[in-house]
Amino acid sequence: MTLEKNLKFKPDNFTVPGKTFLVGEYAVLAGGACLGLGTNPSFSIELNFARQTFHPDSPAGLYLRKNNLPNFSHEFNNPYGVGGFGASTAEFIFSYFSNPQASKKLEDIFYTYLELYSDRKEQKPSGADLVTQLIGGISHIDLAGGGPKVERLSWSFKDLDFLIYSTGLKVKTHEHLSQLDRQICDGLVKPCEEVIAAFKTNDSGTFKSALAGWSKKLEQLGLTASEVVELKTRLESHIPGILVKPCGALGSDVVVILVAKEQKQSVLSQIEALNLRGLTFQADSSHLANGPLSI
């Protein structure tokens, strides 16, 4: 393990937010769009001796090796303590920014990341998670045409908030993607666009209804793990008025809960009272955070 004395990387200059797909986690696999949430708590890294280096087969390790850069000793801080919020992608971002010669243009970072998978057996990821964490906040990411087109949005609902919870469940994303029939994703591009359009109306009822339809469609296509469907059903039956939307690969790791702002504290208390194993509050709209890249 080495700590390069001449390494110009200053990791305390930025952190990388966690990512959650509000909608579109499967649509982006077919070149569609998504709404990504970048939130605190954020990932951070500290340079030091005698700690860890990046796994050589991780995106971070591959990037450093392919560019003949030192796999520097560091301590990586995952504030979530669980998967599903983009730890591996955050590591890549830190490794990429350690290269003083690397372009800081979004498109260049995006294609560099996808290129790491060109000679690997697993299917390429969409790269939408990377963009979400680079930009932060609420990002409308459109992958039509291959490259990312990004629009920064805000949470403008006066009567609606979101709660992000980790579930304690886990799906190995790379294995899931390798077994996924990508043709299923083709049929999700247009429905996702309709949800994004509903979000932009700033009408909570319109958006909530559209997101509920999206969530139901994923269930019908077998893209939501049965354990998460059970969790969603239990929460919605015990707490009237909320909408539970599973997020990410099979909706396993994370759920977003839409809740009326005036009922937010009550809902938080009711969820805590249910004492569901593994279900942990992580963020709400007040935790939206910028990423290290500005657009």
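Buried, in my notes, means under 20% relative accessible area, with exposed over 50% and partly exposed in between (1.4 Å probe, protein chains only).

I'm working on a predicted model, where local features need pLDDT of at least 70, side-chain atom pairs count only at pLDDT 80 or more, and totals for chains, interfaces and linings use all residues. Residues are numbered from 1 along each chain as its sequence is written, and side-chain values use heavy atoms, leaving out hydrogens and water.

**Helix 7**

Then I checked the length: at 1.5 Å a residue, the twelve residues (189-200) should span 16 Å, and the end C-alpha atoms sit 17 Å apart, which agrees. The expected span is 1.5 Å times one less than the number of residues. Just after this helix, asparagine 202 has a positive phi of about 60 degrees.

**Threonine 167**

Where is threonine 167? I found threonine 167 in the loop between strand 6 (160-166) and helix 5 (173-179). Is threonine 167 buried or exposed? Threonine 167 counts as buried because its relative accessibility is 5%. A polar atom of its side chain lies 3.0 Å from the backbone nitrogen of leucine 169. I also listed what threonine 167 touches (heavy atoms within 4.5 Å): among them are Leu231, Ser252, Asp253 and Arg277, with residues up to four places away in sequence not counted.

Note on methods:
Helices (H or I, at least four residues) and strands (E, at least two) are DSSP runs, numbered from the N terminus. A polar contact is a pair of N or O atoms within 3.5 Å; within protein, one must be able to donate a hydrogen and the other to accept it, and residues adjacent in sequence count only if both atoms are side-chain atoms.
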